[in-house]
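Visitor: I am new to this structure and would like to learn how to read its features one at a time. Could you take me through them slowly, giving the general idea before each case?

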Amino acid sequence: MARYVFLGPPGAGKGTMAEMMGAAFGVRQISTGDILRAEMKAGTELGRQARQYIDNGQLVPDETVTAIVTARLADPAIAAGGFILDGFPRTVRQAELLDAALERHGLTLDRVVLFEVERELLLTRLTARRVCKACGAVFNTLFNRPRAEGVCDACGGPLIQRTDDSRSTAVERLAVYERQTAPVADYYRRRGLLTALSGAGHKDENFARLRQGLGL
Ligand code: ADP
Ligand code: ZN
């Protein structure tokens with residue numbers, strides 16, 4: 001089964017595409033952002049450590065996030081069933097640690113997809129993003145409005161803004177992306193693994209482009 005990395009700036013739609021891939025093909029999504037938010041919500045030690053970075057738009061330390069991912073790669077069901085790494089690796093160091101972990105498990109990546117969206121649209125999307133406090137479903141007050149304002153279509157839970165989606169933190173996250181994550185695209189480009197796609201359209205349009213790019 002296929003093993004992918006989804007790469008791109010915050011707001012590029014990686015998580016949405018990973019979810020749609022899961023629904024269509026049963027590939028498992030491993031989102032470090034979702035995992036860290038679940039830890040924060042549960043009030044674990046890992047969650048407490050992560051919060052100070054996340055709320056400031058900074059990256060959680062490489063060793064911490066890599067441990068989260070490698071624990072999942074060690075699960076034979078995940079290794080055999082295929083997966084999408086969504087939001088990992090985010091630094092060249094993480095990419096190197098991932099390579100080492102994959103090698104230990106005798107796994108290789110099939111493709112790395114880079115979703116590209118211009119900066120102004122990213123900021124617009126991020127600041128308009130709302131998430132369900134109960135189930136985590138993602139909406140957008142401009143592009144993907146819930147049926148009733150402030151209420152989750154899926155479960156009826158309340159929609160909130162992620163603290164790191166405030167404009168000032170979103171600006172910082174984009175700067176962190178340029179500085180620390182953009183080099184990861186070059187890392188995979190040099191290995192011939194990178195496919196760059198536009199993430200600027202509507203999600204259905206982007207998903208069609210993604211399927212085509214992956215030959216699915
Ligand atoms: P987005 O892609 O919209 O920025 P995520 O949900 O992927 O959002 O990540 C939210 C935050 O979680 C990041 O800004 C960062 O602080 C932390 N995080 C997630 N994945 C990683 C990672 N691979 N390395 C370091 N920090 C991470
Ligand atoms: Zn919900």
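Predicted model: local features only at pLDDT ≥ 70, side-chain atom pairs only at ≥ 80, totals over all residues.

Visitor: Which residue takes a positive phi in the hairpin of strand 5 and strand 6?

Guide: Residues are numbered from 1 along each chain as its sequence is written, chains are lettered from A and ligands numbered from 1 in the order in which they are written, and side-chain values use heavy atoms, with hydrogens and water left out. Helices (H or I, at least four residues) and strands (E, at least two) are DSSP runs, numbered from the N terminus. In this hairpin, which has five residues between the strands, Gly-136 takes a positive phi near 85°.

Visitor: Which residues are the protein donors of the zinc ion (ligand 2)?

Guide: Donors are N, O and S atoms within 2.8 Å of the metal (3.2 Å for Na, K and Ca), and since water is not among the atoms, sites may look incomplete. For this ion the protein donors are the SG atoms of Cys-132, Cys-135, Cys-152 and Cys-155, lying 2.3 Å from the zinc, and along the chain they follow the spacing C-x2-C-x16-C-x2-C. Within this set, Cys-135 in the loop between strand 5 and strand 6 and Cys-155 in the loop between strand 6 and strand 7 are 20 residues apart, a pair that links distant parts of the chain.

Visitor: What is the geometry of the site of the zinc ion (ligand 2)?

Guide: Four donors count as tetrahedral if all angles lie between 85 and 135 degrees. The angles among the four donor atoms here are 100 to 116°, and the site is tetrahedral.

Visitor: How many salt bridges does the count come to?

Guide: Side chains of opposite charge can pair when their charged atoms come close. The rule asks for a side-chain nitrogen of Lys or Arg within 4 Å of a carboxyl oxygen of Asp or Glu, and by this rule the count comes to eleven. One of them joins Arg-37 and Asp-34 (2.9 Å, N to O), which are three residues apart in helix 2 (residues 32-42) and therefore separated by about one helical turn. Another joins Glu-63 and Arg-93 at 3.3 Å, N to O; Glu-63 lies in helix 4 (residues 62-73) and Arg-93 in helix 6 (residues 92-104), so this pair ties together parts that are 30 residues apart in sequence.

Visitor: Are Asp-165 and Arg-173 buried or exposed?

Guide: Buried means under 20% relative accessible area, exposed over 50%, and partly exposed in between, with a 1.4 Å probe and protein chains only. Asp-165 and Arg-173 are both buried, and their side chains meet in a salt bridge (2.9 Å, N to O). Salt bridges that share partners join Arg-129, Arg-162, Asp-164, Asp-165 and Arg-173 into one network.

Visitor: Which residues touch the most other members in the largest nonpolar core?

Guide: In soluble globular proteins, nonpolar side chains tend to be buried together. A nonpolar core is a set of buried Ala, Val, Leu, Ile, Met, Phe, Trp, Tyr and Cys residues joined through side-chain atoms within 4.5 Å. The largest such core has 33 residues, of which Phe-83, Leu-85, Leu-98, Leu-109, Val-112 and Tyr-188 touch the most other members. Its largest share, five residues, comes from helix 8 (residues 167-190).

Note on methods: Pairing = 2+ DSSP bridges. Tetrahedral: all angles 85-135°; square planar, octahedral: opposite > 155°, others 65-115°.
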